[in-house]
Amino acid sequence: MHRRHRRTLQLTALATGTVLLATACNAAAKNDSSASAGSSGKAFTLVTPDSVGENEFLKLAVSGIKDAAKQHDGTSKVYESTDTASQQQNVQAAVDAKPDVIVLVGFEFADLVAQQAEKNPKQQFLMVDACTTKTYQNVSCAVFREHEGVYLAGAEAGLLSESGRVGAVDVLDTPQFRRYSDPFAAGAKKVAAKTETSTRFVGGQSPFDDSARAKEQANTLLSKGYDQVMAAAAAGNYGVFEAAKAKGAFAYGVDVNQCPSAPGTVVDNVIKRTDVAVEKGIEAVLGGKTGTTVSYGLKEGGISLTGLEDGVDSSKCVIAQHQDVLTKVKALRDQIVSGELTVDDPAAK
C-alpha cells in the first residue's frame, strides 16, 4: 500500500517553505532556517524518497521534523531524494552526520535502514509508513490504520448515495490493499444497511500507474448505477475522478486533499498525518521507547478526513456542503476513538 501512497500524493502541489532541501548532488544538508546554528539541542534528519515540493504527504513529514526540532531547541535537516541512487547517497549522508534521530518515509528505505542499523547500532532510525522485515533495537516504525478513515468515508458515501450503490476501485486484490475498499463498504452499510457494494481492481502490468485501467474499472461500476466510488488506484485516481465527473457521480480520495483536482466530484479524502507520526515517533525514541512499531489511527490523530479537519470550507470538497452528514460521521469517529466501535482490518485476517 505504501507504494501507492506516494504516487497518489504527488498530485498535490505545495511550496516547500523555509526548509532547505539537500539532494544527492549536495549531500551536506544545511540546518533548518528555524533552528539556531549554535544550538546545543537535539539534531534530527529527514530523508524522503521523492521530491518534496509537489508532495503534500512528504511536506507534512517536513513540518513534523521542523516542529520536533523547535520543541527540543534543536536543528533539523532534510535530504530530498529523486531516485534510487540519491536515496542511497542521502541515507549514507544522514548516517555520516550522526544526528539523534534519522527519519525516513516509505518502504523504499527498508533494506537500506536494515543494513545501516546493523552497521551503526548506536544510531536511532524512525521509519514512517513502513518498517524493516527484521526487528532492530535502533529502528522504530510508525504505521497507519488507514482502514479507520476509509470506514468513515464509506459512511459518508452511504449517507449521500441516491442509488444505494457504493463501490471502490482498488489497486490489487490482496488483504493489504483491501484496507481501502472493504472498510468503505462496511462504513456505507453501517449507516444504510441495504447499500449494495462492489470493488473493482486495477491489476495489469502497472496497477499503480494505470489511469486508463482505473477509469475503465470505475466506468464498470458507474454503468451499473454506483454513484459513490472510493478511488484507491494510486496515480490512477485521476482516471476514477474523470469517470465519476462524466457520469455526474462522486469519488473519494486518499492521503491528501484531492478535491482541488476535481472540484464538485471528490467528496472527501482519507488523510494520513505524517507530521503527527514524525513528531510522536521522535518523542518516543528520545524517551527510550525504541525498536517498536507504533500504529497511528483516528485516536492518535494520525488518520483523519479532510471533512474533519480545519479549513474544510475552503477545501473544495463536496462534503463541505453536507454538515448534517459530517455530524453523523463525527459521532462514528468518536465511537471508534473510544473503542465502542471497532473497524475490521482486512490486513489482519
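I call a residue buried under 20% relative accessible area, exposed over 50%, and partly exposed in between (1.4 Å probe, protein chains only). This is a predicted model: local features need pLDDT of at least 70, side-chain atom pairs count only at pLDDT 80 or more, and totals for chains, interfaces and linings use all residues. Residues are numbered from 1 along each chain as its sequence is written, and side-chain values use heavy atoms, without hydrogens and water.

Salt bridges. I took a side-chain nitrogen of Lys or Arg within 4 Å of a carboxyl oxygen of Asp or Glu. I got 15 salt bridges by this rule.

I looked up R333 and found a salt bridge to D334, with the closest N and O atoms 3.3 Å apart. D334 is partly exposed at 43% relative accessibility. R333 is partly exposed too, at 23%. I also found a network in which salt bridges with shared partners join D129, E146, R179, K272 and D345.

Next I checked K215, which meets E242 in a salt bridge (3.5 Å, N to O). K215 lies in helix 7 (residues 211–222) and E242 in helix 8 (residues 237–247), 27 residues apart. Helices here are DSSP runs (H or I, at least four residues), and strands are runs of E (at least two), numbered from the N terminus. K215 has a relative accessible area of 31%, and E242 has 44%.

V294. I placed it in strand 12 (residues 293–296). V294 is partly exposed at 33%. Leaving aside neighbours within four places in sequence, V294 contacts C141, A142 and V143 (heavy atoms within 4.5 Å).
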